[in-house]
Amino acid sequence: MAHGPFAALSAVVVLAAGVLIGPGHAWTARGCVDLDSSTFDKVTGKFRYSLVKFDTAFPYGDKHEAFTNLALEAVDATDDLLFALVGIKDYGEQDNADLGRRFHIPKEYPVIKLFTGARSEPIDFPPSADVSVESLRKFLKRNTDLYIGLPGCVQQLDELAQRFMRTDDPAERQAILSETESAGGTATSHTMYLSLMRKIVKSAERPAAVVSEEMKRVEKLLAGKLSDAKRAELKLRTNVMLSFSAPNGPMAMERTEL
C-alpha cells in the first residue's frame, strides 16, 4: 500500500495519467504515469527519483515492455520512485515536443532519464545499453540509494557490504566480515560476498579499487566464450559486486527492493 508522496499525489496522478482520455491520447501503461508539459515538474518534483521514458506517442515493443514490467514490480515497493512516460509527437500538434527540446531528446527513441532532487541535471540511461528489466535495475542500483534487489543479491548481505565499504577501520572491517560469515543467503551468493570481502581485507589497494579491478576481470571473462552455466554464475558475481559500490561511485556503470 503506497503512502507518502504517492498518496498525496493520487489526484494529480489520476489526472496526469489520463482519466480524460480521448482520441489522440495514449493510454497509460500500468505502473506508469503519463506526463506532459503542464504536469512534468509538478509530478516529478514530489518524488525523490523519477525514471522517465521519452518515446513516441504510442510506444510498443520489447523496450517498452521492459520499462513497464519493472514499473509494475516497483509500484508497491517504494514511494520514492516514480516511473513516467512522455509521449512525443513530431506531427500534428506536436504534443510534448517542447519537453523533447528542453531535455535534448534525439529522435532515436526511447530515451530514458533519471531525475533526482539531488541533481540539477538528469542522469542518462546509456544510449548504447540494451533496455531490459535487468539493465534498468542495474542503472537504478548504480544511481540511487534505493535498495534494488538484483538476482543473486540478498538485502542483509548488501547492507553488510555497504557497511564494509564505508569503514576505514581494519578492525571494524574484520568484524563485519565475521558477521557476514554467520549471515544468511543462498550458498552461492553468500560465498561471493565473502570471497570479495576477504580479497579486500588481504589487499593493500583501496577497497573501491579492488572491487573495480575485479569487476573489470569478470567483465572481460563475460566477453569471451563461456558455457551458459558459467556465464550465469559470472553475471550473479557482477550483481554482488555492485552491492559493494556507492551510488554514482567509482564503479559507475550501474538501490527499496524491486
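These are my notebook entries on a predicted model, taken one region at a time.

**Entry 1: ground rules**

I number residues from 1 along each chain as its sequence is written, and side-chain values use heavy atoms, with hydrogens and water left out. Since I am reading a predicted model, local features need pLDDT of at least 70 and side-chain atom pairs count only at pLDDT 80 or more, while totals for chains, interfaces and linings use all residues.

**Entry 2: confidence**

I looked up pLDDT, the predictor's confidence in each residue, from 0 to 100. The chain has a mean pLDDT of 84, and 83% of its residues reach 70 or more. Residues 6–27 stay under 50, and there the model has 27 contacts beyond four places in sequence; a contact means heavy atoms within 4.5 Å. I also found pLDDT below 50 over residues 248–257, a stretch with 41 contacts beyond near neighbours in sequence. A note to myself: where pLDDT is low, the predicted coordinates should not be read in detail.

Helices (H or I, at least four residues) and strands (E, at least two) are DSSP runs, numbered from the N terminus. I call a residue buried under 20% relative accessible area, exposed over 50%, and partly exposed in between (1.4 Å probe, protein chains only).

How many residues of strand β4 are buried? I found six of the six in β4 (residues 111–116), so the strand is largely enclosed by the rest of the structure. In a regular strand the side chains alternate between the two faces of the sheet. On one side of β4 I see V111, K113 and F115, and on the other I112, L114 and T116, all buried.

Next I checked pairing, for which DSSP must find at least two bridges between two strands. Strand β2 (residues 49–56) is joined to β4 by six bridges, and the two run antiparallel; K53 has I112 as its bridge partner in β4. Strand β5 (residues 123–124) is joined to β4 by two bridges, also antiparallel, with D124 in β5 as the bridge partner of K113.

T116 belongs to β4 and counts as buried because its relative accessibility is 13%. Leaving aside neighbours within four places in sequence, I find T116 in contact with R48 and Y49. T116 and N143 are 27 residues apart in sequence, yet their C-alpha atoms are 9.5 Å apart in space.

**Entry 3: strand β3**

I then turned to strand β3 (residues 81–88), which is mostly covered, with seven of its eight residues buried. β2 pairs with β3 in the parallel sense over eight bridges, and D55 stands opposite G87 in β3. Strand β1 (residues 33–34) is joined to β3 by two bridges, running parallel, and here D34 stands opposite L85.

**Entry 4: aromatic pairs**

Rings of Phe, Tyr and Trp (its six-membered ring) pair if their centres lie within 6.5 Å; planes under 30 degrees apart count as stacked, over 60 as edge-to-face and the rest as tilted. The structure holds 10 such pairs. One of them is F40 with F103, a tilted pair at 5.2 Å centre to centre and 40 degrees between the planes. This pair links distant parts of the chain: F40 is in helix α3 (residues 40–44) and F103 in the loop between α5 (97–102) and β4, 63 residues apart. F40 is buried at 1% relative accessibility, and F103 is buried at 11%.

The Y193 and F244 pair has ring centres 6.2 Å apart and planes at 35 degrees, so I log it as tilted. Y193 lies in helix α9 and F244 in the segment after α11, so the pair ties together parts that are 51 residues apart in sequence. Y193 and F244 are both buried. I also noted one aromatic cluster formed by F40, F54, F103 and F115.

Which helices do the buried residues of α11 pack against? I found α6 (133–143), α9 (187–202) and α10 (207–222). The buried residues of α11 include L234, V240 and L242. α11 has 15 residues and reaches 21 Å from its first C-alpha to its last, close to the 21 Å expected at 1.5 Å a residue; that expected span is 1.5 Å times one less than the number of residues.

S243 sits in the segment after α11 (228–242). Is S243 buried or exposed? I have it as buried, because its relative accessible area is 0%. The S243 side chain makes a polar contact with the side chain of D158 at 2.5 Å. For that term I used a pair of N or O atoms within 3.5 Å; within protein, one must be able to donate a hydrogen and the other to accept it, and residues adjacent in sequence count only if both atoms are side-chain atoms.
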